[in-house]
Amino acid sequence: KPSPSAAPERLPFSRVTLQDLDFFRKVLPGRTITDPDLLESSNVDWLKTVRGSSEVLLRPQTTEEVSQILSYCNSRNLAVNPQGGNTGLVGGSVPVYDEIVLSTALMNNVLTFDSISGILTCQAGCVLENLSLYLEERDFIMPLDLGSKGSCQIGGNVATNAGGLRLLRYGSLRGTILGLEVVLADGRVLDCLTKLRKDNTGYDLKQLFIGSEGTLGVITAVSVLCPRKPKSVNVVFLGCETFEQLLQTFQLCRGMLGEILSAFEFLDSECMRLLNTHLKMSNPISDCPFYVVIETSGSDSTHDGEKLQNFLEEAMNLSMVADGTVATEDSKIKALWSMRERVTEALTHEGYTYKYDISLPVEQIYQLVTDMRTHLGDQAKSVVGYGHVGDGNVHLNVTSPAKDPALVAAIEPFVYEWTAKRQGSVSAEHGLGLKKRNYIYYSKPSQAVALMGNIKAMLDPKGILNPYKTLPDDLK
Ligand code: FAD
Ligand code: MLT
Ligand code: ZN
């Protein structure tokens, strides 16, 4: 029996012909790539676990070019895989078979920035880190931050509704994205690129495309509400003896730091071992079973410093925290953050990694890791937990020396049933892509999934946009 994450059979899309290539070359001269060496990196995902066999990579620069490509592909019944920075973790960003890769990499212009409202409009292919640098020069920041910021693009962030390290403070992209421009499967351009905080004129169509993983349209431009750059930032790295104490620290922190708390992230001692072993990163404090990264950002360093000091004293007095270090200057802040941000990278050196991205009531998030360790015994090389405590989101990762079907059979459906029993989500922030599409029913009722199918059929009747992704195979 094939695994539910394995690709279904190729659907009867057309194959790219020489005439098709002639058309693409006319629309995108010098930007229609067919050299297999150049296509290699677009065919393989970041984790190197999913590989497609596309023979064409298209690199449009304008919305009009995207529109011409999709209109043509739709009329020819050619499947298309929208691709941003290709940092997705669920196999959604690469073709499964020979889908044409439509990359937004050259759509990388900032369009407008309003320094009164803090509203930025830009093309979808802008790299997140470049947008952050652009904004920081103007005393603003992006409302989201991810470990993949150097490669991921804002269009990909919106298409996955990425969460990341700042969600606790600035909320999800569903709130901070104010407008979108999207090219639909048949080439129509949907211009909802508004720059308004409030707009209740009818249905909020942009929400359909946020988190739609390239299956409903190609996002070509976005408008984002950006916060002011905080004047004072502090980061603390703390160690806790138990997860219970970590949760108490979180509660205390929310109460005592209040409006200046901007992140509360965690990693366990297994993550620390991987950072030490594979990336030669040393623990900045003494060894503990759990570590937290807390960030404060505010407008008054004296006020923020005092609040933080009071919180740390209280946490120590109450014995919630075993050890810790504080950073106020930029280089140490970055170094402490990298202990959390580079866990994903460290895991890739450990072996084949099975990734689970689960959200739950916050007090239960680590129980999943503990139960999985007990459940797997010595079948796994390592079972690690890290994630976004503030968002009730744990990243459970299980590694093995190589791909191991017996190990997968032990993890799944155990992990999904465990999550569903507690009304959690089987994909908190990474999406479903290819790998998780058939597990959607663990977190969504069948009526909701059927309605998603209706929406897909309305917006993309031929199903050319990112086939085999997000929606389950049994959806007809
Ligand atoms: P891609 O990987 O290229 O594509 C992702 C999906 O979006 C695909 O389905 C693709 O078809 C679709 N897509 C891309 N661009 C468009 C577009 N313009 N229009 C329509 N569809 C499009 N994710 C989090 O949520 N939180 C994290 O903290 C986080 N940290 C990460 C850390 C590391 C080290 C890595 C490798 C990944 C991390 N991710 C995280 C996952 C990933 O970076 C995000 O999902 C990111 O938003 C993907 O952006 P991308 O540009 O790379 O998109
Ligand atoms: C993270 O929070 O580090 C990311 O979501 C990536 C991952 O899950 O590995
Ligand atoms: Zn995450």
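Modeller: Helices (H or I, at least four residues) and strands (E, at least two) are DSSP runs, numbered from the N terminus. This is a predicted model, in which local features need pLDDT of at least 70 and side-chain atom pairs count only at pLDDT 80 or more, while totals for chains, interfaces and linings use all residues. Residues are numbered from 1 along each chain as its sequence is written, and chains are lettered from A and ligands numbered from 1 in the order in which they are written.

Biologist: Which elements each supply at least two residues of the shell around ligand 1?

Modeller: A residue is near a molecule if its C-beta atom, placed from the backbone, lies within 6 Å of it. Here β3 (80-83), α5 (154-160), β9 (218-225) and α13 each supply at least two residues. Helix α5 gives the most, with five residues. There are 38 residues around ligand 1, and Gly84, Gly88, Gly155, Gly156 and Gly214 come nearest.

Biologist: How many residues of the shell around ligand 1 are nonpolar, polar and charged?

Modeller: Ala, Val, Leu, Ile, Met, Phe, Trp, Tyr, Cys and Pro count as nonpolar, Asp, Glu, Lys and Arg as charged, and the others, Gly among them, as polar. By these classes the shell has 10 nonpolar, 24 polar and four charged residues.

Biologist: Which residues of α12 are buried?

Modeller: A residue is buried if 20 or more other C-beta atoms lie within 10 Å of its own, exposed if 12 or fewer, and partly exposed in between, with C-beta atoms placed from the backbone. In α12 (residues 330-341), the buried residues are Leu336, Trp337, Met339 and Arg340. Seen down the helix axis, they fall within an arc of 140° (taken from the directions from the axis to the C-beta atoms), so they line one face of α12. The face turned away from that buried side carries the exposed residues Asp330, Ser331 and Lys334.

Biologist: Why does serine 3 count as exposed?

Modeller: Serine 3 has 11 C-beta neighbours inside 10 Å and therefore counts as exposed. Its place is in the segment before α1 (18-27).

Biologist: How many residues of domain 1 are in contact with domain 3?

Modeller: Domain bounds come from an automatic or database domain assignment, which divides the chain into domain 1 (110-225), domain 2 (232-343) and domain 3 (351-430). Two residues are in contact if their C-beta atoms, placed from the backbone, lie within 7 Å. Five residues of domain 1 are in contact with seven of domain 3. On the side of domain 1 that touches domain 3, three residues are nonpolar, two are polar and none is charged. The centres of these two domains, taken over C-alpha atoms, are separated by 30 Å.

Definitions and conventions. The expected span of a helix is 1.5 Å times one less than its number of residues.
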